[in-house]
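Keep the viewer open and follow along.

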Amino acid sequence: MKTRTYRLRLSDLGCEAFLACHHRLGKISHSFVPHGHTQFVALLLADRLPPAVLADVLDHSRTRSFSGPTRYHVGMADISEDVIYRMTRKLERSRICYKTPGAGDLYIAAIAVMLEVSDQEVREAYKLMQSLVSAAI
């Protein structure tokens with residue numbers, strides 16, 4: 001499995017949101033998970049949303065407040081790029097968004113999504129992430 005370092009640009013509120021997601025995933029999985037696993041799980045959760053709902057999350061003021069000037073680097077499996085591509089294509093095909101969001105926007109929206117879903121949904125996305133990573137090895 002290949003990994004890459006991805007850059008998140010977060011505000012203080014966005015950093016707190018990410019860390020809340022990370023802590024939650026650790027509790028649900030009963031393990032010390034890498035930060036990149038948290039972001040990958042968040043992306044998988046956001047990828048499940050219909051385009052209109054994802055567009056609403058991207059446009060929500062709370063989601064926008066997570067974006068900021070501080071750069072954080074997260075190592076993720078490069079197969080996460082497939083999820084970003086799929087989400088981008090889904091939004092482009094739906095023609096809901098005026099402008100196709102960049103990967104950074106999708107990373108931040110995914111954090112917002114993970115904050116709102118049930119523990120069971122997080123658990124299922126974590127298992128999916130594990131199987132995707134295992135298959136890529």
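## Salt bridges overall

Searching the whole structure turns up seven salt bridges. Keep in mind that this is a predicted model.

## K90 and D47

Let's start with K90, which makes a salt bridge to D47, with 3.6 Å between the closest N and O atoms. This pair links distant parts of the chain: K90 belongs to helix α5 (residues 80-94) and D47 to helix α2 (residues 35-47), 43 residues apart.

Are these two partners buried or exposed? K90 has a relative accessibility of 17%, so it counts as buried, the cut-off being under 20%. D47 comes in at 14%, so it counts as buried too.

## E124 and R48

Next up is the salt bridge where the side chains of E124 and R48 meet, at 3.8 Å from N to O. Which parts of the chain does this pair tie together? E124 sits in helix α7 (residues 119-136) and R48 in the loop between α2 and α3 (51-59), so the contact ties together parts that are 76 residues apart in sequence.

## E116 and R62

Now for E116 and R62, whose side chains meet in a salt bridge with an N to O distance of 2.5 Å. Here, too, distant parts of the chain are linked: E116 is in helix α6 (residues 103-116), R62 is in helix α4 (residues 61-66), and 54 residues separate them.

E116 counts as exposed, because its relative accessibility is 57% and the cut-off is over 50%. R62, at 34%, counts as partly exposed.

## A shared network

Which residues do salt bridges with shared partners join into one network? They are D47, R86 and K90.

## Helix α6

Back to α6, the helix that holds E116. How far apart are its end C-alpha atoms? They are 20 Å apart, and since 14 residues at 1.5 Å a residue should span 20 Å, the two values agree.

Which residues of α6 are buried? L106, Y107, I108, A109, A110, I111, A112, V113 and M114 are. E116, in that helix, counts as exposed at 57% relative accessibility.

Technical notes. Residues numbered from 1 in each chain as written. Predicted model: local features only at pLDDT ≥ 70, side-chain atom pairs only at ≥ 80, totals over all residues. Heavy atoms only, no water. Salt bridge = Lys/Arg side-chain N within 4 Å of Asp/Glu carboxyl O. Helix = DSSP H or I, 4+ residues; strand = E, 2+ residues; numbered from the N terminus. Buried < 20%, exposed > 50% of the residue type's maximum accessible area, 1.4 Å probe, protein only. Expected span 1.5 Å × (residues − 1).
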